[in-house]
Amino acid sequence: MSAESFTVTIAKDLEDLIPTYLKNRRQELETLRSALSAGDFEQLRQVGHRMRGVGDSYGFGKITLLGKRIEDGAKGTDRAGIEASIAEYDQYLAGLKVVYE
Amino acid sequence: MSDLAAGQAAQGEFRVLVVDDDADMATFLAHLLAGEGIRTEIAGDGSAALAKIRLAPPDLVLCDVLMPGLSGFDICKKLKDNAATALIPVVLLTALEDHDSRVRGIEAGADDFIAKPVRREELVARVRTLRKLHQTRRELEARRENEERMQRESLRRTFLRYISPRVADQLLDGRIDTTGAFRNLSDRAGVVALFADLRGFTHLSETVPPSNVVPMLNAFFTELTAAAHEHEGTVFSMAGDSLLVGFNVPVPQPDAAERAVAAGRSMIRRFAPIARHWLARHGLAAGVGVGIEAGDVVVGNVGAPSFMSYTIIGDAVNVAARLMQIAAANEILVGPRALLSLGRLLGRSTALDRREVALRGKAEPVQVVVLRVVPE
């Protein structure tokens, strides 16, 4: 199955910031996986909360959406829901294409 | 000036401190503000933020709420509870639907909120508004400071008519306890009164053209006033060719009598070059006669509502005036009560020229000391 592609248009003036931002998101993905393995829902809630606040600020609405799901899932200790959101986050980052204008 | 004030940003510059433990968010906010020409600093936690604020208070704090250690509420409350930082606007970054956080933020003293995720337009609009408010506040502060400076200068000029510049500055700076200073007429105070006048004034007014008399008197009073202020005396009146100076009033001077004698000597010495000039130019022999006495007097503002003088009234003043009349040119006559305070200065020297003088209004002659001053 070919990876799904997600094209996001970001303001041109943020171009210099995006590579670091996305690199940090990939690290964040690993943090989420580790926290889920450890059953650390407090950390999952904190990371989800942060994703929610920062994602759409940069223009990545999907990250905000996934962050909210993870935060809410952590509050309800919804392991399966969080696992699905993490997988979706992985796919999103893998297929992400950024266009600046 | 406090450390905080010393660290205050230069006039016109607007500095923002972004406090967020998420480096991506902090970088994003700093980037947007830089686009507005705003200098931004970043603190990754509450302790770092407070340290930066102590060092150089910013004009605005943009602060995340949920952070490890001190929360945004804690930081806000600390800033608002401190008079030195209470006026720095704090904007909290909260989730739009997080009403509880907003209520807690208001309780902590937050000035505004920005919803996360942050909308560029909203951030820029709020910061622009706060910047305008900040500039208006600075302009008002500058205007108020200027008015205060002008009022102080006006007050200083008024004080300088009576007291030395040093005492005036000390009074205005609150370095002198003004309790009891500038007393009402009902108050009595122990003062040392010094009267000085010009020997040869009658001759001067008869021989010198009237147009020259005023400048000559001004030169005389200028030197005598400077001598009085040199020793921190208060000039109470100038009339004709005489000058009344008080010591230990309006501020306490434990060495008031010594100051009065030193001021009298200084008056004679300061006037000497002028006397030499008058002698050479007008053939006029002139000098200064001084009378000093101590005692309790009434201190206050005397006159009509439309014209008042801050003055001293009492026997010590009358005796000083009469001693001045008796004093020859370049002589200081010190009255008996002033002498009591001058032990250290004059000692019990038998070499002193002691004289008994009869004073109008006094049944018994009084013993005075005559100090002759050799003008240098």
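## Getting to know chain A

Of the 101 residues in chain A, 31% are buried. Keep in mind as you explore that this is a predicted model. Chain A contains four helices and two strands, and along the sequence these follow the pattern β-α-α-α-α-β.

The contacts within chain A tell us something about its fold as well. Taking contacts between residues at least 6 apart in sequence, 57% join residues that are at least 24 apart.

## Where the two chains meet

Next, let us turn to the meeting of the chains. Here 14 residues of chain A are in contact with 12 residues of chain B. On the chain A side, helix 1 (18-38) and helix 2 (41-58) each supply at least two of the residues that touch chain B. Helix 2 of chain A gives the most, with eight residues.

What kinds of residues make up the side of chain A that touches chain B? They divide into five nonpolar, six polar and three charged.

## A parallel sheet in chain B

Chain B holds an open sheet of five strands, paired in parallel and arranged in the order 2-1-3-4-5. Strand 2 (39-43) and strand 5 (112-116) of chain B stand at the edges with a single partner strand each, so one side of each has no neighbour in the sheet. On average, neighbouring strands of this sheet are turned by 25° against each other, direction ignored.

To see one pairing up close, look at strand 1 (residues 15-19) and strand 2 of chain B, which pair in the parallel sense over five bridges. Within strand 2 of chain B, E41(B) is the residue that stands opposite L17(B). Helices accompany the strands too. Helix 4 (residues 72-81) of chain B lies across strand 1, strand 3 (60-64) and strand 4 (90-95) of chain B, and runs at about 155° to strand 3 of chain B. Helix 5 (residues 99-108) of chain B also packs on the sheet, where it touches strand 4 and strand 5 of chain B. The direction of helix 5 of chain B makes about 165° with that of strand 4 of chain B.

## Strand 8 and its partners

Further along chain B comes strand 8 (residues 242-247). Five of its six residues are buried, so strand 8 of chain B is largely enclosed by the rest of the structure. Strand 6 (residues 188-199) of chain B pairs with strand 8 of chain B in the antiparallel sense over six bridges, and A196(B) stands opposite L243(B) in strand 8 of chain B.

Strand 7 (residues 234-239) of chain B is also an antiparallel partner of strand 8 of chain B, with five bridges. Here V235(B) stands opposite V245(B). Strand 7 and strand 8 of chain B form a hairpin with two residues between them, and G240(B) in the turn has a positive phi of about 60°.

## Two helices side by side

Finally, take a look at helix 9 (residues 210-230) and helix 10 (residues 256-282) of chain B. Their axes lie 8 Å apart, and the two helices pack at an angle of about 155°. Helix 9 and helix 10 of chain B are therefore roughly antiparallel to each other, and helix 9 of chain B passes helix 10 of chain B in a right-handed crossing.

Which residues meet in this contact? Helix 9 of chain B contributes residues including M216(B), F220(B) and L224(B), while those from helix 10 of chain B include M267(B), F271(B) and W278(B). The residues of this contact divide into 12 nonpolar, one polar and three charged.

Terms used: Residues are numbered from 1 along each chain as its sequence is written. Chains are lettered from A and ligands numbered from 1 in the order in which they are written. This is a predicted model: local features need pLDDT of at least 70, side-chain atom pairs count only at pLDDT 80 or more; totals for chains, interfaces and linings use all residues. Two residues are in contact if their C-beta atoms, placed from the backbone, lie within 7 Å. Ala, Val, Leu, Ile, Met, Phe, Trp, Tyr, Cys and Pro count as nonpolar, Asp, Glu, Lys and Arg as charged, and the others, Gly among them, as polar. Axes are lines fitted to C-alpha atoms, for helices over the stretch in contact, and angles run from 0 to 180 degrees between N-to-C directions. Angles under 35 degrees count as roughly parallel, over 145 as roughly antiparallel, 65 to 115 as roughly perpendicular and the rest as oblique. A crossing is left-handed if the near helix is turned anticlockwise from the far one by less than a right angle, and right-handed if clockwise. A residue is buried if 20 or more other C-beta atoms lie within 10 Å of its own, exposed if 12 or fewer, and partly exposed in between; C-beta atoms are placed from the backbone. Two strands pair if DSSP finds at least two bridges between them.
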